[in-house]
Amino acid sequence: MDELSGLLREIMNEKLVQAILSNSRDKSYGDKLKMRPVLLQGKLMFQSTRYAGNQVFHENHDAPGACGLIEKLLQGQFRQCEIITQDKSATVLVSKKGKMTIKARAAACNAPRELSHNREKQYILREGCPVDFLVGLGVQTPDGRITKNKYDKFRQINRYLEFIEDILDQLPREGTIHVIDFGCGKSYLTFAMYYYLRVLQGRDIHITGLDLKADVIRRCNELAAQCGYKQLRFQVGDISAYEGEQKVDMVVSLHACDTATDYALEKAVGWGAKVILAVPCCQHEVNRQIHCKELEPLLRYGVIKERMSALITDAIRAGLLEQQGYDTQILEFIDMEHTPKNLLIRAVKRPNGTGTGRQRMLKKQETLGESGRQEGKGSALREEYTLQHTMELLGVNPTLARLLDRNQV
């Protein structure tokens, strides 16, 4: 504890960017706590933000109080603390037996921070701090300024890294973390993910980006080599036919067109990936299939049918992932004004990996009949029947449902 106390006294000043406590032992207290410096009436204070489910709690502390809170929480509540300052960063890990390990390293940037209480949003990657891959992709100039027409991309990258930060505790702590990025394209976000996990978090990470465009893949591999990203590789390939991995911890699919997203999700489920992040694109399949007399007065308008079909597609995908043992959310990825493709499906494998499975569900329905369905109201059985019933009502059978059915036969 003396080493931790010394570290906290050293960093608890205006140079602190943030300290993040995570890997909670008790989710009722909170999943995560962030500490950052603020100026309140001209006095330097430290604001803690505790995230508990959908609730957020704020408290302000002086430097000794902030140090004491972090020490106390690492003794009982949290097993990890990531500290970033203007001139150094550190990771504190606490084993199940209470043994504490601290690793510190020099920071990548020493740009000054705005400490006002109502300051503008602070990004993980900051303007004024040049990052090799951002410069290589034309998002930043060599001195760290954001290229004029790349501000939206810069914000998108940082928003994406916030999603990665939120699922950090779900990734393995030992051994190499294997990630597949299906449909990586120019790979702005693939490079960002590697930089965050490998450079900023110090994780042992191996990422493979897959795309159909050979010229794009060639440029991505050249930039990875230029940046010295040895465990980031890109290859040409089709998502549906990819067989290059036996074990994958996280599957990412950003803007894969139409049913390519379904093949990416099916691959992720087959690997038992702990985390899935998907931003679907061009959902045409359900638009072609949907046929429902009850909704005909709405579906007769082409643009309405198109948008409803896209939302229905993603809702069904989320429901199917729930059946496969994932806790699934649909979140806004980026503001609608920047792109209409702004919904992200985030799925995290449940600790016990339980999922009833659609085929097994349908067999239960056949056995139980209507009375059994009614008796199952409110249960997982009833929920899965509802999704299947909704698909039948809409006259749709999306690719992901067929792929999962095929695997369970």
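Guide: What follows is a set of labels, each set against its definition.

Guide: This is a predicted model: local features need pLDDT of at least 70, side-chain atom pairs count only at pLDDT 80 or more, and totals for chains, interfaces and linings use all residues. Numbering runs from 1 along each chain as its sequence is written, and side-chain values use heavy atoms, with hydrogens and water left out.

Visitor: How many helices and strands are in the protein chain?

Guide: The protein chain has 13 helices and 14 strands. Both are DSSP runs numbered from the N terminus: helices are H or I with at least four residues, strands are E with at least two.

Visitor: What percentage of the residues of the protein chain count as buried?

Guide: Of its 409 residues, 50% count as buried. Buried means under 20% relative accessible area, exposed means over 50%, and partly exposed is in between (1.4 Å probe, protein chains only). The chain exposes about 20100 Å², and carbon and sulfur atoms supply 50% of that. Such areas come from the Shrake-Rupley method with a 1.4 Å probe; for residues, only the protein chains shown count as cover.

Visitor: What share of the contacts with a separation of 6 or more joins residues 24 or more positions apart?

Guide: Such pairs account for 65% of those contacts in the protein chain. A contact means heavy atoms within 4.5 Å.

Visitor: Why are the buried residues of H1 said to be on the same side?

Guide: In helix H1 (residues 2-11), the buried residues are Leu4, Ser5, Leu7, Leu8 and Ile11. They cover an arc of only 165° around the axis, so they sit on the same side of H1. The arc is that of the directions from the helix axis to the C-beta atoms. On the other side of H1, Asp2, Glu3 and Arg9 are exposed. The cover over the buried residues of H1 includes helix H2 (63-76) and strands E1 (16-24), E5 (78-85), E6 (88-94) and E7 (100-106).

Visitor: What makes a set of residues a nonpolar core?

Guide: A nonpolar core is a set of buried Ala, Val, Leu, Ile, Met, Phe, Trp, Tyr and Cys residues joined through side-chain atoms within 4.5 Å. The largest one here has 50 residues; Leu125, Phe133, Tyr160, Phe191, Met193, Tyr229 and Met250 touch the most other members. Helix H5 (residues 188-200) gives the largest share, 10 residues. Apart from this core lies another, of 34 residues, among them Tyr242, Ala268, Val269 and Ala347.

Visitor: Which residues does Leu125 touch?

Guide: Not counting residues up to four places away in sequence, Leu125 touches Phe133, Leu134, Phe154, Ile157, Asn158, Leu161, Tyr195 and Leu200.

Visitor: Why is the pair Asp166 and Arg346 called a salt bridge?

Guide: The label needs a side-chain nitrogen of Lys or Arg within 4 Å of a carboxyl oxygen of Asp or Glu. Asp166 and Arg346 meet at 3.5 Å, N to O. Asp166 lies in helix H4 (residues 151-166) and Arg346 in strand E14 (residues 343-349), so the pair ties together parts 180 residues apart in sequence. Asp166 has a relative accessible area of 40%, so Asp166 is partly exposed. Arg346, at 11%, counts as buried.

Visitor: How many salt bridges does the structure hold?

Guide: The structure holds 21. One of them joins Arg218 and Glu222, with the closest N and O atoms 3.4 Å apart. Both residues lie in helix H6 (residues 214-227), four residues apart, about one turn of the helix. Lys247 and Asp249 form another, at 2.8 Å between the closest N and O atoms. Lys247 is partly exposed at 46% relative accessibility, whereas Asp249 is buried at 3%. Salt bridges that share partners also join Lys32, Asp166 and Arg346 into one network.

Visitor: Which residues make the nonpolar surface patch?

Guide: Leu298, Tyr301, Val303 and Ile304 make the patch, of about 360 Å². Patch residues have over 30% relative accessible area and no salt bridge; like charges are joined within 9 Å, nonpolar side chains (Val, Leu, Ile, Met, Phe, Trp, Tyr) within 5 Å. Ile304, found in helix H10 (residues 302-323), has a relative accessible area of 37% and is partly exposed.

Visitor: What is the phi of His255?

Guide: Phi of His255 is near 65°, a positive value in a residue other than glycine. His255 is in strand E11 (residues 250-257). Asp258 also has a positive phi, about 50°, and is not a glycine. Asp258 lies in the loop between E11 and helix H7 (260-271). At 14% relative accessibility, Asp258 counts as buried.
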